[in-house]
Amino acid sequence: MERNKSFRKAVLEYVERGGRVYAECGGFMYMTSSIIVIDSSEYEMAGAIDAVTYVLERPVGKGYTWGAVVGETPVAPTTPFSKATSSTTQEWHLERKPSL
């Protein structure tokens, strides 16, 4: 991913022009400035999110989590029958992302 400089540049330029991106898990990691892996090597990523992701040796945050969409979004619009759309999902991480 780091070696594909033209794609990283294109993604960053798209975001800087106001483009919308839905990114989760590895896609979210790709949107950060860099990823630091277990042996402390650091790899440059797209840089659309000014943050660094750390890959850990052991999983953290296992379990389930939930969220609610309270406004219109391209990914999960609210329904006409309720003011919010809720979702439950499994959470399992081998990385630590910064608090944003």
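Modeller: Rings of Phe, Tyr and Trp (its six-membered ring) pair if their centres lie within 6.5 Å, and planes under 30 degrees apart count as stacked, over 60 as edge-to-face and the rest as tilted. The model is predicted, so local features need pLDDT of at least 70 and side-chain atom pairs count only at pLDDT 80 or more, while totals for chains, interfaces and linings use all residues. Residues are numbered from 1 along each chain as its sequence is written, and side-chain values use heavy atoms, with hydrogens and water left out.

Colleague: How many aromatic pairs does a search of the whole structure find?

Modeller: The search covers the whole structure. The number of aromatic pairs found is one.

Colleague: Which residues form the aromatic pair, and is it stacked, edge-to-face or tilted?

Modeller: Phe7 and Tyr30 form the pair, with 5.9 Å from centre to centre. Their planes are 35° apart, and the pair is tilted.

Colleague: Which helices hold the two residues of this pair?

Modeller: The pair links distant parts of the chain, as Phe7 and Tyr30 are 23 residues apart. Helices here are DSSP runs of H or I with at least four residues, strands are runs of E with at least two, and both are numbered from the N terminus. Phe7 is in helix α1 and Tyr30 in helix α2.

Colleague: Is Tyr30 buried or exposed?

Modeller: Buried means under 20% relative accessible area, exposed over 50%, and partly exposed in between, with a 1.4 Å probe and protein chains only. Phe7, at 45%, is partly exposed. Tyr30 has a relative accessible area of 10%, so Tyr30 is buried.

Colleague: Is Thr32 buried or exposed?

Modeller: Thr32 lies in strand β1. Contact means heavy atoms within 4.5 Å. Not counting residues up to four places away in sequence, Thr32 touches Met45, Ala46, Gly47, Ile49, Ala51 and Thr53. Its relative accessibility is 0%, so Thr32 is buried.

Colleague: Which residue's side chain does a polar contact join to that of Glu42?

Modeller: Glu42 lies in strand β2, residues 42–44, and is partly exposed at 46% relative accessible area. A polar contact is a pair of N or O atoms within 3.5 Å; within protein, one must be able to donate a hydrogen and the other to accept it, and residues adjacent in sequence count only if both atoms are side-chain atoms. At 2.5 Å, the side chain joined to that of Glu42 is that of Ser34.

Colleague: What is the phi of Cys25?

Modeller: Most residues other than glycine have a negative phi. Cys25 is found in the loop between α1 (5–16) and α2 (26–31), and is partly exposed at 48% relative accessibility. Although Cys25 is not a glycine, its phi is positive, at about 55°.

Colleague: What is the phi of Ser40?

Modeller: Ser40 is found in the loop between β1 (32–36) and β2. Ser40 is exposed, with a relative accessible area of 58%. Its phi is positive in a residue other than glycine, near 75°.
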